[in-house]
Amino acid sequence: MLKRAISAVAIAAAVTIAAPAFAGETVDAIKQRGTIKCGVNVGLAGFSEANDQGQWAGVDVDVCRAVAAALLGDATKVEYTPLTAQQRFTSLQSGEIDILSRNTTWTLTRDTKLGLNFAGVNYYDGQGFLVPKALGVKSAKELSGATICVEPGTTTELNLADYFRANNMQFEPVVIENINEATSAFFEGRCDVYTTDASGLASIRQTKAPNPADYVILPEIISKEPLGPVVRHGDDQWLDIVKWSLIAMLEAEEKGVTSANVDKMKESKDPTIMRLLGTTPGMGEALGVDEEWAYRIVKQVGNYGESYERNLTARLGLERGLNALWTNGGLMYGFPIR
């Protein structure tokens with residue numbers, strides 16, 4: 001009798017594990033609408049910016065494109081909503097957008113009190129300071145008494161206060177909500193310093209400064225800023241699709257699968273590549289999508305390295321650093337697709 005009971009439990013467990021994912025409310029709405037609503041920055045080169053034709057590009061944009069390729073079969077099926085730092089969480093909570101992919105730091109309170117889920121990290125960053133060379137400052141420890149431009153409703157604003165308090169220094173905040181207005185204020189001399197994530201500083205100096213050579217990023221990095229896509233609590237399938245779309249880009253890079261060779265790679269006998277590209281079925285079923293979900297991501301968007309090279313290295317000259325694969329000394333690590 002005991003053996004029979006154990007066997008029944010084992011069979012029930014196997015059936016539960018093998019059951020396909022059930023469509024959630026967000027996934028149903030997206031399928032019915034035919035597009036994914038993606039919240040992005042109002043304009044941060046390398047992460048999310050629109051060109052003169054209204055076409056969006058950047059590593060954050062590529063996350064949304066990857067999810068659209070996986071779920072809807074077409075990376076172009078995305079509606080972009082530019083959001084300020086203060087608007088972003090309300091827009092996600094209210095259902096105005098399906099996913100927030102806007103250089104947003106993963107913190108405990110955001111992951112809990114705000115009713116949100118972070119689906120991974122697509123850029124490891126840290127906060128720094130941008131100053132005019134003419135200011136003659138070599139270290140953030142020399143900034144006591146400075147006026148500092150900062151966006152409200154950000155970890156940047158909190159880190160700034162913590163750093164100056166910890167170092168017994170004073171500063172005068174110049175709080176401006178819109179990043180374009182804030183950077184204009186800095187370059188017009190209305191504040192001595194601009195602070196945000198170091199990648200953002202590189203982007204702002206390269207694309208918005210009258211003469212980039214006249215400005216310097218100070219050496220101190222004062223925080224940890226793991227940036228990544230965010231969804232609402234309550235729809236596990238949608239969270240899974242977003243999470244594994246990002247992971248698929250990482251796994252593809254690690255396995256050498258690119259947008260250029262992905263068709264040839266379908267002939268690979270590597271078990272990981274076969275599961276990734278759907279020649280060995282099962283992964284798509286587990287997510288509630290078809291088996292070519294990851295193939296389309298790589299074909300239409302590229303792997304993580306391709307996205308980084310296109311948007312951050314070629315555009316801004318940013319090296320991989322912490323965002324290199326773990327096999328190359330970085331922190332990027334694709335979880336097993338199996």
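A: Searching the whole structure turns up three cavities of 30 Å³ or more. A cavity here is a set of points, on a 1 Å grid over the protein atoms alone, where a 1.4 Å probe fits but cannot get out. Grid points are joined across faces, edges and corners, and a volume is the space filled by probe spheres set on the points. This is a predicted model: local features need pLDDT of at least 70, side-chain atom pairs count only at pLDDT 80 or more, and totals for chains, interfaces and linings use all residues. Residues are numbered from 1 along each chain as its sequence is written, and side-chain values use heavy atoms, with hydrogens and water left out.

Now for the largest cavity, which holds about 190 Å³ of space. Its lining takes in 21 residues, where lining means having an atom within 4 Å of a point. Nearest the centre of the largest cavity lie Arg102, Asn103, Thr156, Thr196 and Asp197. At least two lining residues come from each of α4 (85-94), α6 (155-166), β11 (193-197), α8 (198-208) and β13 (225-227). Those labels are DSSP runs numbered from the N terminus: helices are H or I with at least four residues, strands E with at least two. By class, the lining of the largest cavity has five nonpolar, nine polar and seven charged residues.

Definitions and conventions: 1 Å grid on protein atoms, 1.4 Å probe; cavity = no way out; pocket = protein on both sides within 12 Å on 5 of 7 lines; lining within 4 Å. Nonpolar A, V, L, I, M, F, W, Y, C, P; charged D, E, K, R; others polar.
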